[in-house]
Amino acid sequence: VQLQASGGGLVQTGGSPRLSCAASGNILSIYSMGWYRQAPGKQRELVATITGGGNTNYLDSVKGRFTVSRDGAKKTVYLQMNSLAPEDTAVYYCYSRLQLWRELSGHDYWGQGTLVTVSS
């Protein structure tokens with residue numbers, strides 16, 4: 001299984017980049033996808049997730065600014081980030097709980113991370 005993220009980079013305060021992450025491999029079912037982030041010197045934290053049924057969950061500090069969405073057919077999750085602030089600077093990791101054809105249940109998988117740097 002591979003989770004390939006893209007869309008990070010250097011962004012100005014107030015910017016609105018979009019992250020994408022596509023899952024590939026011998027996937028039977030995707031239960032949820034989403035994003036975590038880890039800022040320097042801090043623990044990894046959940047940013048936003050979305051289930052196969054479309055239920056979403058957000059970090060309080062990004063509610064109203066970030067929107068997570070998915071394209072089931074493309075096995076892709078998106079994170080639209082608006083009104084970015086310097087405190088949003090972090091490595092953003094794509095995440096998915098999914099089940100492979102050879103597995104009896106779902107497991108967590110992670111992408112390689114994409115750095116988002118917000119300049120003040």
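## Aromatic pairs

This predicted model has 3 aromatic pairs. Take Tyr-36 and Tyr-95: their ring centres are 5.5 Å apart and the planes meet at 65°, so this one goes down as edge-to-face. The cut-off for that label is over 60 degrees. Tyr-36 belongs to strand β4 (residues 27-38) and Tyr-95 to strand β9 (residues 90-100), so the contact ties together parts that are 59 residues apart in sequence.

## Tyr-95 and its other partner

Is Tyr-95 buried or exposed? Tyr-95 is buried, at a relative accessible area of 9%. Its ring also pairs with that of Trp-110: here the centres sit 5.2 Å apart with the planes at 55°, so the pair counts as tilted. In sequence terms, Tyr-95 is in strand β9 and Trp-110 in strand β10 (residues 107-110), so this pair links parts that are 15 residues apart.

Trp-110, for its part, is partly exposed, with a relative accessible area of 38%.

## Arg-44 over the rings

Now for a charge. Which rings does the charged end of Arg-44 sit over? One is the ring of Tyr-93, with the charged end 3.8 Å from the ring centre. Another is the ring of Trp-110, where the distance to the centre is 4.8 Å. Trp-110 therefore has a ring partner in Tyr-95, in a tilted pair, and also has the charged end of Arg-44 over its ring.

How values were computed
Residues numbered from 1 in each chain as written. Predicted model: local features only at pLDDT ≥ 70, side-chain atom pairs only at ≥ 80, totals over all residues. Heavy atoms only, no water. Phe/Tyr/Trp six-rings, centres within 6.5 Å; stacked < 30°, edge-to-face > 60°. Helix = DSSP H or I, 4+ residues; strand = E, 2+ residues; numbered from the N terminus. Buried < 20%, exposed > 50% of the residue type's maximum accessible area, 1.4 Å probe, protein only. Lys NZ or Arg CZ within 6 Å of the ring centre and 35° of its normal.
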